[in-house]
Amino acid sequence: MSGWKGLVSAGLLGLAAACVVAGHDADPEDWPGMASLQAVQGRSVYHECGATMISPEWALTAGHCVEGIEIESDGRAAQYFPDATGEKMQRFGPVVLVVGRGDLMEVPRSAVFPIQDIVVHPDYVPGAPEQGNDLALLHIEGTWTGPVARLDGLGGMEVDLSGTASPQTFVAGYGKMGEGARNQSGVSRGGRHVSAPSLILQEGMVPPVDMALCKQQVTDLIETYGMSDLLAGVSVDPDTQICAGVGGVDSCQGDSGGPLMLRTGDDTPVQIGVVSWGLGCARPDSPGIYMRISAYADWISAVADGAEGPI
């Protein structure tokens with residue numbers, strides 16, 4: 001359930017489940033519907049990716065975050081990983097969504113939801129989030145009664161970043177706070193061993209990057225890192241993706257699937273993007289690449305009937 005947010009940070013291709021580099025502790029009330037996608041094995045819990053609740057029963061995440069997850073005969077999701085030969089998938093354990101927590105060490109049962117269905121965007125190419133369409137929807141078992149994310153393009157509102165003076169865009173997650181950072185872990189009051197790149201929700205400001213500049217930066221970095229053959233033809237699509245981050249502050253491995261929010265200062269934040277991939281974490285002139293939610297509003301609405309848009 002890894003992702004691509006740190007492509008060059010761990011070997012050549014570090015799949016991303018991203019954290020926020022150079023961010024600060026976040027108040028979950030500032031991040032409606034913020035969620036942690038977790039794999040459970042016995043008494044151990046492992047954060048894998050971010051997500052956001054977009055309705056009482058549906059969450060939005062990245063497509064690469066759900067690779068290897070299967071819905072089993074009992075109607076619940078479980079994580080599978082390749083065995084040592086790479087030819088057979090082995091069951092790791094159940095997958096759950098933990099919603100609305102600032103500290104992953106303090107999770108009441110009311111915040112934990114099994115997952116009963118997963119819908120990946122039909123044009124997503126497994127193992128290749130850099131090719132776009134990197135989105136998936138999770139249908140939880142039960143009902144989330146807390147706040148949900150307002151989505152750009154749903155509910156009659158669409159954000160125009162080019163027409164917004166000094167747009168304030170932020171990312172949040174439980175991902176790494178540096179490319180080389182180790183996972184944090186601890187034992188919760190309930191006796192569970194909890195592991196995550198960051199146990200405390202982090203947030204940071206990542207300014208939008210002009211798409212023409214972003215495309216050139218990505219092209220230059222692919223050549224610089226000697227990845228021209230591996231990522232041949234890879235670029236960014238201004239219609240379906242957003243570039244954000246000018247270095248220093250960035251999403252990273254463990255943040256994938258989490259939200260890119262636009263804050264106007266006088267209203268509830270609007271989620272405009274989903275953490276997808278990037279070349280390293282917080283490196284100069286290396287923006288993060290986010291899926292543009294408004295481009296997929298029709299698909300989201302069709303699958304997650306009842307998902308909330310801007311009110």
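Cys-214 is buried, as is Cys-243, where buried denotes a relative accessible area under 20%, exposed over 50% and partly exposed in between (1.4 Å probe, protein chains only). The structure is a predicted model in which local features need pLDDT of at least 70 and side-chain atom pairs count only at pLDDT 80 or more, while totals for chains, interfaces and linings use all residues. Residues are numbered from 1 along each chain as its sequence is written, and side-chain values use heavy atoms, with hydrogens and water left out.

Cys-214 and Cys-243 are joined by a disulfide with an S to S distance of 2.0 Å, a disulfide being a pair of cysteine sulfur atoms within 2.5 Å. The torsion about the S-S bond of this pair is about -70°, so the disulfide is left-handed. Distant parts of the chain are linked in this way, since Cys-214 belongs to helix H1 (residues 211-224) and Cys-243 to strand S16, 29 residues apart. Helices (H or I, at least four residues) and strands (E, at least two) are DSSP runs, numbered from the N terminus.

Strand S16 covers residues 241-244; Gln-241 and Cys-243 point one way from the strand, Ile-242 and Ala-244 point the other way, and all are buried. S16 runs antiparallel to strand S20 (residues 288-292), and four bridges join the two. Strands are taken to pair if DSSP finds at least two bridges between them. Ala-244 has Gly-288 as its bridge partner in S20.

Two disulfides are found in a search of the whole structure. Cys-49 lies in strand S4 (residues 44-53) and Cys-65 in the loop between strand S5 (58-61) and strand S6 (69-71), so the pair ties together parts that are 16 residues apart in sequence. Both Cys-49 and Cys-65 are buried.

The C-alpha atom of Cys-65 is separated by 10.0 Å from that of Val-120, 55 residues apart along the chain. Val-120 lies in strand S9 (residues 112-120) and is partly exposed, with a relative accessible area of 32%. Leaving aside neighbours within four places in sequence, Val-120 is in contact (heavy atoms within 4.5 Å) with Gly-63, Val-66, Leu-135, Ala-136 and Trp-299.

A nonpolar core is a set of buried Ala, Val, Leu, Ile, Met, Phe, Trp, Tyr and Cys residues joined through side-chain atoms within 4.5 Å. The largest such core has 51 residues, of which Leu-37, Leu-97 and Ile-300 touch the most other members. Strand S10 (residues 136-140) supplies the largest share of this core, four residues. Another core, of 14 residues, lies apart from it and includes Val-209, Cys-214, Trp-277 and Leu-279.

Across the chain, the secondary structure comes to two helices and 20 strands. Of its 311 residues, 56% count as buried. Among contacts between residues at least 6 apart in sequence, 73% join residues at least 24 apart.
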